[in-house]
Amino acid sequence: MIHLRNRLKGRFDPEWRLAIVLGLASIPFTVAFYWQSMPDYTHHVAPVFFAGVIGGILSHRTDLQARRVGERIGLVGSLAELWPLVDLLAFVSGLNQPLWFSGLQGIMLICFTLLVVLLSALIGKIGAILGRWALERTETYRSRLGEFTS
């Protein structure tokens with residue numbers, strides 16, 4: 001286990017490591033929201049957004065680029081979108097319709113899933129930018145408050 005950890009430590013840059021951890025942490029919440037809204041197939045971006053906020057805060061503490069961390073959190077967090085894609089592809093394949101129409105619907109579903117992945121990356125990026133901004137504002141406020149109290 002230690003040898004594997006040492007090998008992986010040099011393979012990923014710190015931005016990817018943080019994004020993988022926070023993106024994977026957001027997936028169970030996204031799946032839970034999806035499961036609760038099962039007949040509607042809604043995509044909740046709140047878990048990815050809050051993971052992006054946490055990533056922005058942690059990136060400020062470790063001098064990482066918040067935008068890149070947020071994008072990567074969104075990409076990793078969007079892996080939960082494979083479940084609705086597989087569900088909908090299975091549904092489309094079971095419909096009684098011409099084969100070319102099923103193929104067209106499958107292509108449209110894949111394009112829509114790619115659009116949702118890009119949207120998730122954008123939401124993670126916005127969350128990371130806001131998280132870093134909020135932390136910088138509170139640190140500025142604390143430093144100004146420290147000037148007046150001393």
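Mentor: Let's start with a term: a salt bridge is a side-chain nitrogen of Lys or Arg within 4 Å of a carboxyl oxygen of Asp or Glu. This is a predicted model, where local features need pLDDT of at least 70, side-chain atom pairs count only at pLDDT 80 or more, and totals for chains, interfaces and linings use all residues. Residues are numbered from 1 along each chain as its sequence is written, and side-chain values use heavy atoms, with hydrogens and water left out.

Trainee: Thanks! How many salt bridges does that rule give?

Mentor: The count is 5. One of them pairs D13 with R72, with the closest N and O atoms 3.2 Å apart.

Trainee: And where do D13 and R72 lie?

Mentor: D13 is in the loop between α1 (2-11) and α2, while R72 is in helix α4, so the pair ties together parts 59 residues apart in sequence. Helices here are DSSP runs (H or I, at least four residues), numbered from the N terminus.

Trainee: Is R72 buried or exposed?

Mentor: R72 counts as buried, at 12% relative accessibility. Buried means under 20% relative accessible area, exposed over 50%, and partly exposed in between (1.4 Å probe, protein chains only). D13 is partly exposed at 26%.

Trainee: What about E15, which residue does it bridge to?

Mentor: E15 bridges to R68, the closest N and O atoms being 3.4 Å apart. E15 is in helix α2 and R68 in helix α4, so this pair links parts 53 residues apart in sequence.

Trainee: New topic: which residue of α4 pairs with K125?

Mentor: That's E71, with the closest N and O atoms 3.0 Å apart. K125 sits in helix α6, 54 residues away in the chain.

Conventions: Helices (H or I, at least four residues) and strands (E, at least two) are DSSP runs, numbered from the N terminus.
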